[in-house]
Amino acid sequence: MRAEIEKIVGAAALDEREVRDHWPLGLMEERDGVQRPKVLVARPVGREQVIAIVRWAAANGVAVSPMGGGTGVCGALAPRAGELVLDMGGFDRILALDETNLTCTCESGVNGLVLEKYLNERGLTLGHYPSSLPGTTVGGLLATRSSGQESSRYGSVEDMVLGLAVVLPDGTFAAPRPGPRSAVGPALHQLWLGSEGALGVMLGAVLRVHRRPELVVGRGYAMSDLGAGLEAMRAVMQSGIRPLVMRLYDADDTVFNGYDVPANACLLVVATAGLPEVAQAEADAVKRFAGGAADLGEDPWRRWESHRFNLSAERLKAFLAPPGAYLDTIELAAPWSVLEQLHTQVKSAIAIGGLALCHFSHAYEQGCCAYFSFGGSADTEAEARAAYGRAWEGAMTAALELKATISHHHGTGQVRSRWVADEMEGWMRVWRAVKEGLDPTGMMNPRALGGTP
């Protein structure tokens, strides 16, 4: 295989190494001595090279996994021996910025934070701020159907994509279609968002960008309990306000973050943005919706803003370094009417090791994301993996019972593969038909979206 791929990309663009994402269970298994195979990694630098590689792989029955920044946490990037990885880091150009029509055309390997800084320097923003932003690529954000910290104002990544440039598994190239909207059939490019590399190779995207707000007003409130906090969030969203950031921490998470508040109180952090008069008026309205909760001033907002990217891969690895340690996050989403029940059931399921936290963010008029964190330590590696599995089993069971989605923005990979069909039900037939139609040999990332564990 190496000799054939070298003919396409050259020897300098090839490497053999271990490749994986940041799935905690994978890190735990490595700690227990599980060896990851070294695989061939190619770094193409143009459309024709990608087309040639894909056609060669299809003809020779070799599985291919596109790779962005490798910051996923679900095990979707875990190639096996004999498979090929496409490192899309060579596709790192910002091709065009249209400041009249507010669009940005860039390649899939552009770093997420680099793109945001480029836009910020010109008074613009993509508005997409996942906590992993410094290590992400545009292609990775699209492949996982990502959602960022400012999604309540700017939407999630699917709301930012006007068009895609894609190489299909047979080598066909599909270019971005005209925008800003088209009724010429379904928006087929949306199939690639959340596909985890299963439908081909994304080369680039046309993205919707925004002008940066002139003013941001951020404050914190000590809500009396979780119910009061969720009710305030619902009222804000259903009033028509679209906050830049709105995050509610349950009582345990509030204490964990070091806030001195009354027992059972929950920290609510809200920032409004826009024209100065609009941002301030919305901030005043938010305060009314907080219903007399203690106003903690700007400090909670400033503190959160300064730590928004602190959940790094290095910190995850450091926590999981000791034998028997386990840790993970589970992001679900549900209608407002069942969020408290979801919180109760999932917290009970994940509280097996002592650490069980939850915050609510990514709010909509219809509901919200509930982001759970759990962790602990066991006497043996086997017991740690068992505890980890029980936490996931309980959380997924609760989500399915309450008709919550089992993933709001991390994707599925291997960690959720067992439950993908349970959520998708009849739509799984549609997905399989699309997958089999475009990729009949199953060569594109076999571990994507309910694929082979």
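Helices (H or I, at least four residues) and strands (E, at least two) are DSSP runs, numbered from the N terminus. By this rule, the chain has 15 helices and 18 strands. The model is predicted: local features need pLDDT of at least 70, side-chain atom pairs count only at pLDDT 80 or more, and totals for chains, interfaces and linings use all residues. Residues are numbered from 1 along each chain as its sequence is written, and side-chain values use heavy atoms, without hydrogens and water.

The overall dimensions were computed next. A compact globule of 453 residues would have a radius of gyration near 22 Å, and the chain agrees, with 22 Å. This radius is taken over C-alpha atoms, and the globule rule is 2.2 Å times the number of residues to the power 0.38. Along the principal axes, the C-alpha atoms fill a box of roughly 70 × 60 × 40 Å.

Of the 453 residues, 53% count as buried. Buried means under 20% relative accessible area, exposed over 50%, and partly exposed in between (1.4 Å probe, protein chains only). Contacts (heavy atoms within 4.5 Å) were also counted. Among those with a separation of 6 or more, 73% come from residues 24 or more positions apart. The chain exposes about 19,200 Å², and carbon and sulfur atoms supply 52% of this area. Accessible areas come from the Shrake-Rupley method with a 1.4 Å probe; for residues, only the protein chains shown count as cover.

Val114 lies in helix α4 (residues 112-120). Val114 is partly exposed, with a relative accessible area of 49%. Arg181 is 67 residues from Val114 along the chain, and their C-alpha atoms are separated by 27 Å.
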